[in-house]
Amino acid sequence: MLSTASLLITATGSPVFGQGAAPRTFSAAEFVESVGVCLHLSNRKSLYGNADSVIPLLKDIGIVHVRDDAIFASYVNRDYDFYKRVRALVAAGCRFDLVCADPVNGYLFMPPRRLQDVYDWCDQGVEIFEGGNEPDLLRKPNMNPAISAEHQRALFAAVKGNAKLRNIVVASPSYIQRSLPLAEDISDSVDWINIHPYPGMEHPETKGPGALGGFVAAAERFCGKKPVLISETGYHTALQTTTGHLPVSEEIKARYLPRLLLWNFMSGAKRSYIYELIDSNNNGPADKESHFGLISFDGTPKPSFGAVKQLLGLLNRPAAGGKPAAKVQISIAGNTQDVWSVAFARGDGVQVVFVWLGVPGWDPNARAMRPPVTRDVSLAVAPGVRAATAYQFQDNGTLVKRALDKSAGGFALTASDQLTAVEISL
């Protein structure tokens with residue numbers, strides 16, 4: 001057990017404890033920019049089919065980076081309903097990551113020569129073009145790896161060879177794990193690695209099959225060491241699912257998602273897109289696609305929506321008259337087993353420290369949530385501060401606020417697997 005818990009970032013981007021060192025402090029605005037969410041604006045049967053329904057939800061949660069498919073067919077042009085919705089979101093301040101389907105999937109295809117058109121149809125609101133979504137290389141292993149790779153090379157050349165597009169990030173295809181051994185080297189055609197590290201029923205900090213580091217290492221084999229895009233991640237709550245990607249409860253999803261976003265950021269991910277904003281279907285408790293959303297099919301926000309909204313709200317504060325964030329030293333002492341922490345300098349000069357226990361809150365065998373685990377620690381800050389206020393995340397998506405008591409060793413804090421944010425006022 002370490003006497004002092006803190007966060008350092010290794011050369012490989014993996015978060016580790018460093019005894020006696022302070023938590024690394026990041027810009028709060030940088031973290032807010034790292035959070036995105038997946039949409040399906042072509043889904044006419046759901047709320048996605050109406051931009052006027054989607055825009056207020058995005059503004060409420062505080063997310064501007066969104067991901068969707070680049071839709072193309074012979075009958076598609078600027079007046080296609082999907083692109084009308086995209087432009088409405090762009091006008092509202094959103095910026096898109098668009099998936100460019102390759103021929104491997106057999107029913108959709110985004111010709112790289114038409115990227116300029118797509119960019120214009122989106123009113124230039126595209127910041128990322130990514131390769132195919134989870135191409136199945138095993139279905140035709142003698143053909144599909146080459147088809148996928150050639151599409152990626154053409155995609156990269158079309159973007160970087162166009163003066164209007166060349167500053168757009170080109171991300172790799174998001175190969176699923178079983179396709180990875182067949183993927184060809186595309187390191188010369190990728191700005192960012194693109195992965196889908198769903199933890200399943202595991203907690204965000206897991207060292208098991210859902211561990212983020214394993215997904216990154218596997219993708220580096222064919223992409224090289226590049227910045228990491230997590231274009232899909234999250235948890236579903238289809239509790240009658242019995243195979244494949246398994247569920248957690250709505251309460252645990254709310255407990256895990258803020259930790260997952262922090263964990264990905266700490267591990268070096270440039271952006272994490274939550275899958276997804278709204279449930280795409282309404283097909284009952286055994287259908288995964290009916291239970292990934294932060295918002296239910298009927299438009300009701302879930303606890304996870306509240307949890308992400310609270311996380312971003314704590315950090316998305318405008319600068320106060322150009323006041324710089326004060327430099328402070330932060331350490332955590334006491335029973336620091338399983339304790340993780342990271343600090344952010346907010347635009348208004350306030351420091352926000354997140355502290356939590358990286359332990360599982362879901363029993364996968366019983367399919368039941370475990371009560372929160374707690375450890376008593378102390379938070380020391382130098383130089384001295386006026387006050388520290390803790391906000392503990394609840395499983396229903398709300399916060400409980402309380403002032404921390406100061407002692408000679410610092411501020412007394414109860415760390416839990418329910419995330420706690422501490423605002424430090426100097």
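**Terms and their cut-offs**

Colleague: Why does F82 count as buried?

Modeller: F82 has 1% relative accessibility, so the residue counts as buried (under 20% relative accessible area; exposed is over 50%, partly exposed lies in between, with a 1.4 Å probe and protein chains only). The model is predicted: local features need pLDDT of at least 70 and side-chain atom pairs pLDDT 80 or more, while totals for chains, interfaces and linings use all residues. Residues are numbered from 1 along each chain as its sequence is written, and side-chain values use heavy atoms, without hydrogens and water.

Colleague: Where does F82 lie, and which residues is F82 in contact with?

Modeller: F82 is part of helix 3 (helices are DSSP runs of H or I with at least four residues, strands runs of E with at least two, numbered from the N terminus). Beyond its neighbours within four places in sequence, F82 is in contact with L41, S42, D68, D69 and I71 (heavy atoms within 4.5 Å). C122 is 40 residues away from F82 along the chain, and their C-alpha atoms are separated by 9.8 Å.

Colleague: Why are helix 2 and helix 3 called roughly parallel?

Modeller: Helix 2 (residues 51–61) packs against helix 3 (residues 81–91) at an angle of about 30°, their axes 10 Å apart (axes are lines fitted to C-alpha atoms, for helices over the stretch in contact; angles between N-to-C directions run from 0 to 180 degrees). Roughly parallel takes angles under 35 degrees (over 145 is roughly antiparallel, 65 to 115 roughly perpendicular, the rest oblique). Helix 2 and helix 3 are therefore roughly parallel.

Colleague: Which residues meet in the contact of helix 2 with helix 3?

Modeller: From helix 2, A51, V54, I55 and L58 meet R85, A88 and L89 of helix 3. These residues divide into six nonpolar, no polar and one charged (nonpolar: Ala, Val, Leu, Ile, Met, Phe, Trp, Tyr, Cys and Pro; charged: Asp, Glu, Lys and Arg; polar: the others, Gly among them).

Colleague: Now the sheet. What is the order of its strands?

Modeller: The six strands of this open sheet have the order 4-14-15-23-19-20, with mixed pairing (two strands pair if DSSP finds at least two bridges between them). Strand 4 (25–27) and strand 20 (399–403) are the edge strands, since each pairs on one side only.

Colleague: Is T389 buried or exposed?

Modeller: T389, in strand 19, has a relative accessible area of 19% and is therefore buried. Residues up to four places away in sequence aside, T389 touches K401, R402, A403, A421, V422 and E423.
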